[in-house]
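Please open the structure in your viewer and keep the selection panel at hand. The tour goes from the whole chain to single residues and pairs.

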Amino acid sequence: MSGELEQILLQLTQPDNAIIQQATAQLKLAFKDPAIIPALCAVMTGSQNSQIRQSAAVMLRMRVKKHWKKIGPDHRESLKAVVLQAFQQETEHTVRHSLSQLSAVMVKHETPDRWPALFTLLNQSTKSNNPMDRQVGLLLLSKVVESNPEPFKPHYRQLLQLFGTVLQDLDNPTAMYYSILTLTAMTAYTGTEEMNLMRSLIPTLIIALRHLIKADQDQASEAMEVFDELMESEVSIMVPHITEIVHFCLEVSADTTLTDSLRVKALSCIAFLIRLKSKTVLKQKLLNPILQTVFPVLSAAPPPGEEDPEDEENSNEDDTDNESPKHFAAQVIDTMALHMPPEKLFHQLMPLTQACLASDNPYERKAGLMCLAVLAEGCADHIRTKMLSSMLQTVCQSLSDSNQVVRSAGLFALGQFSEHLQPEVSKYCAELMPLLLGYMSALNQAKIGHVTKAFYALENFLENLGSEIEPYLPTLMETMSALSNAENLKLKELAVSAIGAIANAAKEKLVPYFLPVIESLKGFLTDTRDEMRSLQTQALDTLSVLARTIGKEVFSPLAAECVQLGLNLTNAIDDPDLRRCTYSLFSAVSTVSPDCLNPHLTAITTIMLLSLKSTEGVTAHLEEDKTFVLLDDDDDDEAQGDTILDEEGTDNVDPDIAGFSVENAYIDEKEDTCDALGEIAFNTGAAFQPFLESSFQQVYELRDFPHEDVRRAAFVAMGQFCRAQHKVWQENPTEADHQALQKLLGVVLPSFLEAVHSERERHVVMGVLEAMNAVLKACQGEALQSPGRLQEISQAIRDVLKKRTVCQDGGGDEADDDEQQAEYDAMLQEFAGEGIPLLASAVPAETFQPYLNELLPLIMNKAKLSYTVADRSFSVGTLGEILQSLVNVSGGRACAGKLSNKLLPVLVAGVRDSDSEVRNNSVFALGALAQAAGPLVAQDYPMMLSLFSNLLSKEQDRRVIDNLCAALCRMIMSNMEGVPLEQVFPALLARLPLKEDMEENKTVYSCLAMLYSQNPALVLSQIKPIVSASSHVLGTKDLDTETQNTLVMLLRDVAQRHSKEFEVAMKSLPAEQKMKLTGAVSQS
């Protein structure tokens, strides 16, 4: 049979399609013959044509991979012998490569200990004196270890010693290359005993890579992945050599003669190290050398006649495939901003940035602006509080630069500032809006790529303006409606997107423009031409924003139609972005009119769960051409049965697959589907019950998804499902619903706690903590029913505050100079700290007291002056929230009384802080302490009153003044005898109405009502300021309904019983306020 087989394989190499088809049919027949395996072996060892030998090896590999179970023991043994024999006698590299892959597949089924001849061959060849034999042996070794690293573990020490020798064989770069590939495959499986050996290999590895770069840059680029693998699984191996590794990577990054892919590898390795070990990078004084190398890369001009990818006319904003060294250089700085203390970073970075900004070279000016832009996210607090005005001035000046490349970078920076430096940036509205609108109006001749950048800046700025947008609305809406009727589809899309941003700020103020906007959106959504796709996606997005912002009354009549529009689109068009935006629309509608979704929940959850399950967009990178796949589908059905019987579990790593990549659109689809499902479940309540379990199951499986954004969204949705189930149980308290809630909490909370400890990505842990806080807030004591749960959650919070979790590089450098850390590390601790008051309000105080005693010092510590403003503000703010929680729990008063001596010094110092936010939070906390501890802190009232009186006489910040008023009210309500009302009450009323912290109106007017019931004469003596203050707040949004009623009842009572005094007080009011007040009081 082997003769015929060789003939058929020869025909397959002919350039004639008809011959190939005929040969394929013959081959399919041959494959049905049980003698196919010996025949393929014969061709593989006997044919004179190397191409045929290779084809036979590839086919054999596929046969073995699929039908190993059906090959009898004798055949298996002879096959093992033949493969090794063929390998030893083969002279062609391509055939050897295929043979080593065939061996790799066999090693998956036939573990190495059952194949001693393989070991003998590996041993002999890798130690041979002949360099060629060594190289071939190492090729075979790399393939078999990659295919199944674990069974080789007993031999790791021996292998590492071998690599120590091979990596010094600098004249044999290919041998070094195969060694490094094997090392990479082993890394994830190495145990503690191999660590020291691996650590000692690093300097040799660096020298080997230097030589490999000279010999073959593509191989070197692949070999450099050994660093990624080491960082992923065992970064401690690299720490002692971090200086050498960084210097090596800098050398590669700076060498413009090397390929982009190599330089990108080196830069991303530096970024990865900064992410994992920023403290070590700073300690080893590597920040300055990194910056000195990265800046020239960032500011390099593109080759003559070319542009940077982001400046090309047809560049796509969302194009994340920009694999240029320049793009990665910016990422290194971005990573520094996210993972280093701003003071340390800015000290070394700003001189370089300023030199760039002042340069005559436009690409250096661009680099300076890009640098400012990428700092905005990670160092937001530092920039907002210390350097915003100068940085904004620099960016605004760049918008009038003579070079468009610089103007584009300026627009990007302004967009980043608007996104990350809120609310301070919006305070520059009066300067920035005219500048941006002027810039937009001068763009009529500009290319669309640049217009897109201008829109990016404008949109991000508008989005957060709030009511400040009002004066600009007519101009903005006129511009956008003109553009949404433009010919150019991209311009339409930009305008539609901007309308969404405007709606976010304007909310119900957009009502006058609503109908024409809706009509044009509907027009876009019903046009099914392919070129409309990205405009439709944008229209759906903007429709979702309108649903959430324009107001229930205006949007509800359209809700049902929107749901139908969305369903029609997902049925008609298969596109991940379109589906994603449709799901977001469904969830937006669920906030306004959940009933509209109920009839469609079956259809909606079905498509959404398909999006979560789908593996679409996941591409397996295959090692080689798959010409022969067709030939092996002859008995797929049997193969199915074969897999089920596989007692070694599923065989899911295919040696032909070099890795997976997932298209961004499909990642975004999964992320947004999780977000939408969680929100829909919560808003539709009982109607969602039949779908809750299947939805939860699907989302729960994504908690280990490779992409961190999907993991984060899955955790957030799991929290939403718990809140949804809790709401259903509260509305209809049945035992079955209660059990369902406990069952859900019993799965979700442990998975949250596990993620807090072991998840590596900081922003996923932030999402988990936020989701856990939302569950605690909604479910309260129900979430803590399970024995030990309160302790576990407290422990997790404590671990984050002590920086002991994996994403905080926990357990690493013990001597942590605590007070300076990256802003995002501080933010992570804030999310953890927010859990403390939630726990305090969920259980009796005596139950929580032992945990609180452990947590409080960690919070109080951050109030020291050596910490940042954000830390101090968080510290006293959290103390205030904890005290506020104790007001309403059993035993809370005694607990607050016990804590007062510890807390008072911290809070008093906070009231004297130079920062208004710290003062504000401290004043609130002192009021909360008085409210919680009541008479137990009576002895401290004189000191507190003197402190407040002193502050009231000089405080300029309105929010602090509002909180002072509220704190005095809390002191009065909690212990009236301790307050000299004759002096305090008039001083308090003189500061009304509240101007900024409207939530405290509730406190102030509750206090007034209480005083009136207990000391009416005092209230009457001050009726004039009381009536004046009331006239400002009655009938406005500044009072909730309950407080409105309290105030109206009080005024009505005064008007009836003391009409004369009331009339006199009313006389001094302006006519409009007098009418409003008379109306409110006289309504029955």
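What follows is a sequence of selections, each with a note on what is there.

**Before selecting**

The model is predicted, and local features are taken only where pLDDT is at least 70, side-chain atom pairs only at pLDDT 80 or more, while totals for chains, interfaces and linings use all residues. Residues are numbered from 1 along each chain as its sequence is written, and side-chain values use heavy atoms, with hydrogens and water left out.

**The whole chain**

Along the principal axes, the C-alpha atoms fill a box of roughly 120 × 75 × 60 Å. If you colour by accessibility, 55% of the 1084 residues count as buried, where buried means under 20% relative accessible area, exposed over 50%, and partly exposed in between (1.4 Å probe, protein chains only).

**Salt bridges**

Side chains of opposite charge can pair when their charged atoms come close. A search of the whole structure finds 41 salt bridges, each being a side-chain nitrogen of Lys or Arg within 4 Å of a carboxyl oxygen of Asp or Glu.

Select Arg53 and Glu90 first, whose side chains meet in a salt bridge at 2.8 Å, N to O. This pair links distant parts of the chain, with Arg53 in helix H4 (residues 50-67) and Glu90 in the loop between helix H5 (73-89) and helix H6 (93-109), 37 residues apart. Arg53 is buried because its relative accessible area is 10%, and Glu90 is also buried, at 7%.

Next, select Arg959 and Asp997, a salt bridge in which the closest N and O atoms are 3.7 Å apart. Here too the pair links distant parts of the chain, since Arg959 is in helix H46 (residues 958-974) and Asp997 is in the loop between H47 and H48, 38 residues apart. Arg959 counts as partly exposed at 34% relative accessibility, whereas Asp997 is buried at 12%.

Then move to Arg1057 and Asp1053, whose closest N and O atoms are 2.8 Å apart in another salt bridge. These two residues are separated by about one helical turn, because they are four residues apart in helix H51 (residues 1041-1057). Arg1057 is exposed, with 61% relative accessible area, and Asp1053 is partly exposed, with 22%.

For a set of several partners, select Asp308, Glu310, Asp311, Lys326 and Lys366, which salt bridges with shared partners join into one network.

**A negative patch**

Now select Glu306, Glu307, Glu312 and Glu313, which form a negative surface patch. Patches are made of residues with over 30% relative accessible area and no salt bridge, and like charges are joined within 9 Å. Of these residues, Glu313 lies in the loop between helix H16 (287-298) and helix H17 (325-339), and it counts as partly exposed at 32% relative accessibility.

**Backbone stops**

Most residues other than glycine have a negative phi, and most peptide bonds are trans.

Select Lys507 next, which has a positive phi of about 50° although it is not a glycine. Lys507 lies in the loop between helix H26 (489-506) and helix H27 (514-525), and it counts as partly exposed at 38% relative accessibility. Finally, Gln780, likewise not a glycine, has a positive phi of about 45°; Gln780 is found in the loop between helix H37 (762-779) and helix H38 (789-801).

How values were computed
Patches are made of residues with over 30% relative accessible area and no salt bridge: like charges are joined within 9 Å, nonpolar side chains (Val, Leu, Ile, Met, Phe, Trp, Tyr) within 5 Å. Accessible areas come from the Shrake-Rupley method with a 1.4 Å probe; for residues, only the protein chains shown count as cover. Lys and Arg count as positive and Asp and Glu as negative; His and the chain ends are not counted. The place of a charge is taken as NZ of Lys, CZ of Arg, CG of Asp or CD of Glu.
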